[in-house]
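We will go stop by stop.

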Amino acid sequence: MNKKIASFSRVVPDILGTSDSLGVPEPSFVATCVLVAGLILTGVSLYGNTAAGVARYAAIGCGLSLGVSLLFEAKKGARNLFRADLVSMFALYFLLFFEFFFPQPKFDELVPYPEKVLPSIRICLLAFGGIAIGRHCVSRRLQRWKFAEVDLSPGAMLTLFWVSFAIGYFDMLMSVGFNPITMVQEFMGPRFEVPWGRGKFGDFRALFYELGAILYLVPPLAGVILGRRKRYTPLAVLLVFLGLLFTLFYGFCTGTRNIIGSYLVTFLAAYIYSSSASRRQTIAVAAIVFGILFLATYYEIRFRTVGLLNYLHGMESGPAEEEQTGVYVDYNLYTVSALVSIFPDQAHYIGWDAPLWLIARPIPRALWPGKPDGSAVSVENVLGVEGLTIAATFVGESYMAAGLFGVIIVAVLIGMLAQWWTRKAFSPESGFGILIYGSGFFAVVISMRSIYWLPVAILPTLAAVVLGYFLRGSSDSARTLLTQRAQ
């Protein structure tokens with residue numbers, strides 16, 4: 001028996017790829033073929049007695065296709081399982097299908113006829129296939145950025161962490177008279193009543209709000225520092241860990257799944273690539289991260305309107321949300337179905353308004369007073385809903401723009417962009433490079449919910465590049481001074 005166990009223990013690392021190379025992670029052509037074949041089989045065999053039943057069938061088929069394809073991806077090593085393209089597909093899967101593993105009676109009320117959801121499901125499956133194919137359409141000759149290969153000193157990484165932490169919370173603190181206790185109390189209040197909330201049309205005051213996006217650098221920075229904790233003093237590691245917990249607490253209190261999800265994914269990516277921990281420890285950390293994400297998915301919908309503090313005192317969100325008794329994400333599939341039924345029969349495709357808003361979105365209105373308000377691309381306007389924010393994922397948004405053709409083009413471009421990012425930014429030898437690569441996962445995750453957030457979501461990573469450039473100079477000066485003293 002012991003010999004069999006020993007033999008098995010040697011086989012498992014070979015499958016998981018313990019001897020990971022430091023080369024750029026590459027998608028497996030065989031894995032893509034398996035995934036696409038599974039998606040096609042799922043699409044043509046969709047079945048269910050109810051709309052939720054059909055969606056559950058799609059969730060199982062798409063999930064199995066992704067899972068089996070990962071077995072082939074894993075043959076290239078464990079590092080190959082945390083690429084930007086795979087993160088994008090699993091984020092999209094979470095938004096579209098994950099909730100249908102649980103009973104969804106409300107969905108059947110919204111979509112009383114199963115056949116009504118068939119076209120939208122097939123379009124969603126097509127989007128997964130587009131991402132999978134697009135990732136193979138990037139040249140292997142691309143060279144990674146030189147700045148991503150630079151490794152900042154431990155002191156510089158700590159400085160970058162605390163600068164990001166301070167700037168990230170500055171606007172919130174300023175809004176409450178720099179009283180941290182009041183700020184935490186506001187964390188736990190209704191999310192639309194916080195004093196630092198941004199209005200529809202921003203002014204110069206809103207620039208401070210936009211600067212707060214640098215807070216998204218805190219989790220990946222914590223992942224790098226905790227992964228390489230032997231380079232830091234115990235006190236520094238403890239403080240960084242507490243800063244991470246505080247930021248995760250804030251993300252949970254927002255009641256917004258894409259925020260806490262982005263925090264967790266960027267932290268996990270940075271930790272995995274920077275840590276020398278055993279596979280068992282890494283799996284334990286990953287299990288904790290996904291456990292937190294599951295709890296956030298379950299509970300945030302229950303308190304996001306009334307606030308965490310009121311929820312703990314027995315109050316829950318409004319009637320529409322109280323009806324969700326199980327695990328509920330956002331019913332993005334229902335929104336996509338509604339848009340498919342509207343375009344082009346009841347409304348014309350929005351066409352070039354979509355890419356124009358994508359370009360205009362990150363420009364502050366304080367610098368461009370005549371900036372469009374985004375109403376031309378608003379899902380809420382199309383559905384005639386006021387006072388709510390409705391997500392349709394990039395699938396619904398691209399269908400609004402150009403129908404099936406738009407979904408295919410955008411999905412392929414996302415796959416290409418994800419693999420381009422991996423080739424240009426992946427630098428596991430450098431802690432700073434891991435930060436750049438891992439922080440980009442924020443843009444990957446949030447773009448699955450809305451493609452219009454892509455140019456905004458990449459800004460924290462650009463800020464890290466700028467800050468890292470200046471800190472690199474101070475690190476080089478410090479190393480030169482130490483060398484001179486040693487001589």
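The tour starts with confidence, then visits a helix, and ends at aromatic rings.

**Stop 1: confidence.** This is a predicted model. Colour the chain by pLDDT. The mean is 85, and 87% of the residues reach 70 or more. Select residues 2-16, helix α1: confidence is lowest here, at a mean of 39. Now select helix α6, residues 118-134, where confidence is highest, at 97. Next, pick residues 319-325. Their pLDDT stays under 50, and the model gives them 12 contacts beyond four places in sequence. Residues 477-487 are also below 50, with two contacts beyond near neighbours in sequence.

**Stop 2: helix α2.** Select residues 29-44. How far apart are the end C-alpha atoms of α2? They are 23 Å apart; 16 residues at 1.5 Å a residue should span 22 Å, so the two agree. Show side chains. A31, T32, L35, G38, L39, T42 and G43 are buried in α2. What do the buried residues of α2 pack against? Display α3 (51-73), α4 (84-96) and α6: these are the partners.

**Stop 3: aromatic pairs.** Show the Phe, Tyr and Trp rings. There are 39 aromatic pairs. Zoom to F187 and F249. Their ring centres are 6.4 Å apart and the planes meet at 55°, so this pair is tilted. F187 belongs to helix α8 (residues 180-187) and F249 to helix α11 (residues 234-253), so the pair ties together parts 62 residues apart in sequence. Buried or exposed, what is F187? F187 is buried, at 3% relative accessibility. F249 is partly exposed, at 29%.

Now widen the selection. Ring pairs join F187 and F249 with F161, W162, F165, Y169, W196, F246 and Y250 in a cluster.

Move to Y469 and F470. Here the centres are 5.6 Å apart and the planes stand at 80°, so the pair is edge-to-face. Y469 is exposed, with a relative accessible area of 59%. F470 is exposed too, at 59%.

**Stop 4: arginines over rings.** Select R302 and Y298. R302 lies over the face of Y298, 3.9 Å from the ring centre. Finish at R361, which lies over the face of W453 at 4.4 Å from the ring centre.

Notes. Residues are numbered from 1 along each chain as its sequence is written. Side-chain values use heavy atoms; hydrogens and water are left out. pLDDT is the predictor's confidence in each residue, from 0 to 100. Helices (H or I, at least four residues) and strands (E, at least two) are DSSP runs, numbered from the N terminus. Contact means heavy atoms within 4.5 Å. Rings of Phe, Tyr and Trp (its six-membered ring) pair if their centres lie within 6.5 Å; planes under 30 degrees apart count as stacked, over 60 as edge-to-face and the rest as tilted. Buried means under 20% relative accessible area, exposed over 50%, partly exposed in between (1.4 Å probe, protein chains only). A charge sits over a ring if NZ of Lys or CZ of Arg is within 6 Å of the ring centre and within 35 degrees of the ring normal. The expected span of a helix is 1.5 Å times one less than its number of residues.
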